[in-house]
Amino acid sequence: MSILNVLKTPSLNLQPIFPIRDEIVFVSDAIGTCVAWPKDWVIPATAVGNAKQAPRKYGRKKTKQWVDTDKDDDDLEHLPADLPPALLSLSKWGNEFLKDRATIHTKLSKDLFGTERKIALFRSDLFAFTNVQEVAGDTIVMYMSFLREKLKESNMLNMIGFVDPSSLGVGNSTDRSRSFSAALKRGKPGQFFLVPYNTGKHWILSVVSPSEELVYFMDPMKRRMDVTTDEWRTIVNQYGIPEQIGDKSCGYFIMLYMREIVQDKEQNWTKKWLTRGDEKYTMQDVDVVRQEWAEYVLKFTSN
């Protein structure tokens with residue numbers, strides 16, 4: 001189930017059915033992500049509309065307060081200084097047209113993930129990207145679509161593939177494993193898969209080689225993955241990746257990692273980031289990604 005809004009009511013701020021340890025404790029922690037949820041606990045909108053109206057109770061009316069990620073009051077008029085030109089143009093467009101929950105929407109072809117993927121970017125997504133705040137999954141997916149076009153231009157599609165991050169956040173561990181396995185079956189011998197994943201409030205990147213049963217793990221906070229597993233022959237913690245700046249830049253650093261991998265025609269990044277180093281990303285590097293992302297998204301504003 002995709003979490004968009006949560007009532008600010010203590011009795012309703014329940015734990016998710018399958019909580020993620022140390023990351024998602026309450027439903028409100030999962031806003032902008034997907035969590036497993038029993039089907040019989042979901043009330044379709046049609047059922048709500050057909051329900052009999054309860055007798056009216058008189059008295060003081062309680063106002064519902066929402067934690068709303070898609071609200072229209074995200075400020076796209078007073079913008080930060082020195083924005084990348086394309087992001088400035090996109091933000092000005094969004095300030096005028098992304099109102100009343102309007103979205104930038106499209107359907108990406110099955111070439112990216114093996115199945116078609118619907119995308120919807122809200123005003124809040126542009127606000128977050130403009131102000132270097134936490135990014136949502138569809139924001140990451142749009143950049144993955146951009147990177148795939150770059151791979152096509154470089155004749156590298158047989159070298160690198162992509163896995164939809166939203167497919168890893170739905171269902172129980174068995175469902176997620178099946179979804180992940182199905183995605184990897186699309187691969188060709190020797191092909192790497194870029195797998196961004198949101199643990200709740202933090203983005204990480206895994207680069208998977210199915211044919212070698214090998215996983216390269218990249219956490220912008222430089223935390224290690226437990227290498228004890230029966231699922232993969234080898235897990236390599238990439239210690240040399242640049243460490244994120246601040247506490248909300250992980251999504252941008254994930255995009256930068258993927259960008260470097262896609263640009264590396266010799267695929268030497270495995271050795272480059274294997275050992276600890278002094279490489280750092282600056283705000284100028286982040287702005288390169290923000291410029292590319294905005295240029296790409298602007299193509300879909302006429303939909």
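**Salt bridges and exposure**

Biologist: Why is glutamate 153 called exposed?

Modeller: Its relative accessible area is 57%, and because exposed means over 50%, buried under 20% and partly exposed in between (1.4 Å probe, protein chains only), glutamate 153 counts as exposed. This is a predicted model, in which local features need pLDDT of at least 70 and side-chain atom pairs count only at pLDDT 80 or more, while totals for chains, interfaces and linings use all residues. Residues are numbered from 1 along each chain as its sequence is written, and side-chain values use heavy atoms, with hydrogens and water left out.

Biologist: What makes the contact of lysine 150 with glutamate 153 a salt bridge?

Modeller: The term requires a side-chain nitrogen of Lys or Arg within 4 Å of a carboxyl oxygen of Asp or Glu, and the N to O distance here is 3.7 Å, so the pair qualifies. Both residues belong to helix α5 (residues 137–153), where they stand 3 residues apart, which means about one helical turn; a helix is a DSSP run of H or I with at least four residues, numbered from the N terminus.

Biologist: How do you know that glutamate 260 and lysine 272 form a salt bridge?

Modeller: Their N to O distance is 2.4 Å, and therefore they meet the criterion. This pair links distant parts of the chain, with glutamate 260 in helix α7 (residues 250–263) and lysine 272 in helix α8 (residues 269–272), 12 residues apart.

Biologist: Why is glutamate 260 called buried, and lysine 272 partly exposed?

Modeller: Glutamate 260 has a relative accessible area of 19%, so it is buried, whereas lysine 272, at 43%, is partly exposed.

Methods. Helix = DSSP H or I, 4+ residues; strand = E, 2+ residues; numbered from the N terminus.
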